[in-house]
Amino acid sequence: MLAPGVPTVRVRQIEIADSDWVRGVRNDRVTLAGSWDAHEVTGWEHLPWFRGVVYGVRKGRDPLRWFVMEVDGERAGHIRLEKALIEPKEHLIEAQAVSIAMDPGYRGKGYGAKLLSYTVRERAWEALPCVAFVKRENEASMKLFRKAFTEKEYRGLIQGAAFFIRESD
């Protein structure tokens, strides 16, 4: 039994019912400002894409893992791990790119760090390094990834983005 006042936190796989909420978080002005693609997504473009991704994830066909964090039964944030080919040195490597977004009501409370840490530790593909590309202007994400990744894992700037990589164990 949890102590009074301690929130119940769980991480679950994304579901179709999360579509409108994900779009709302994605279209939030703070999220848009920190995103690589800063256009507001309409329902017409979001729903078909979202359904395809979610159904692909459920059937194990998509190279993507996507989770939602709930705090006391309310959606607080979501995180995606997507297989990608990157070229950090002289050759291509397969990695998993991390993308995270928090609901405005849960920002600045430490939930993003918990979601990132848990997902990379418990839900990631074990054999693949984790990578994150963060806009330097996105102060919240820079702080989050600098805290989650060691100084050695911060690889500097690549085409104007902060680049973090955690090699697989």
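1. Are Arg12 and Glu70 buried or exposed? Both Arg12 and Glu70 are buried (under 20% relative accessible area with a 1.4 Å probe, protein chains only; exposed is over 50%, partly exposed in between).

2. This is a predicted model, in which local features need pLDDT of at least 70 and side-chain atom pairs count only at pLDDT 80 or more, while totals for chains, interfaces and linings use all residues. Residues are numbered from 1 along each chain as its sequence is written, and side-chain values use heavy atoms, leaving out hydrogens and water.

3. The structure holds eight salt bridges (a side-chain nitrogen of Lys or Arg within 4 Å of a carboxyl oxygen of Asp or Glu). One of them joins the side chains of Arg12 and Glu70, at 2.7 Å from N to O. Arg12 sits in strand β1 (residues 9–13) and Glu70 in strand β2 (residues 64–71), 58 residues apart; strands are DSSP runs of E, at least two residues, and helices are runs of H or I, at least four, numbered from the N terminus.

4. Asp18 and Arg75 also form a salt bridge, with the closest N and O atoms 2.6 Å apart. Asp18 lies in the loop between β1 and α1, and Arg75 in strand β3, 57 residues apart. Asp18 is buried at a relative accessible area of 0%, whereas Arg75 is partly exposed at 29%.

5. In a further salt bridge, the closest N and O atoms of Arg107 and Asp28 are 2.8 Å apart. Arg107 belongs to the loop between β4 and α4 and Asp28 to the loop between α1 and α2, so the pair ties together parts 79 residues apart in sequence.
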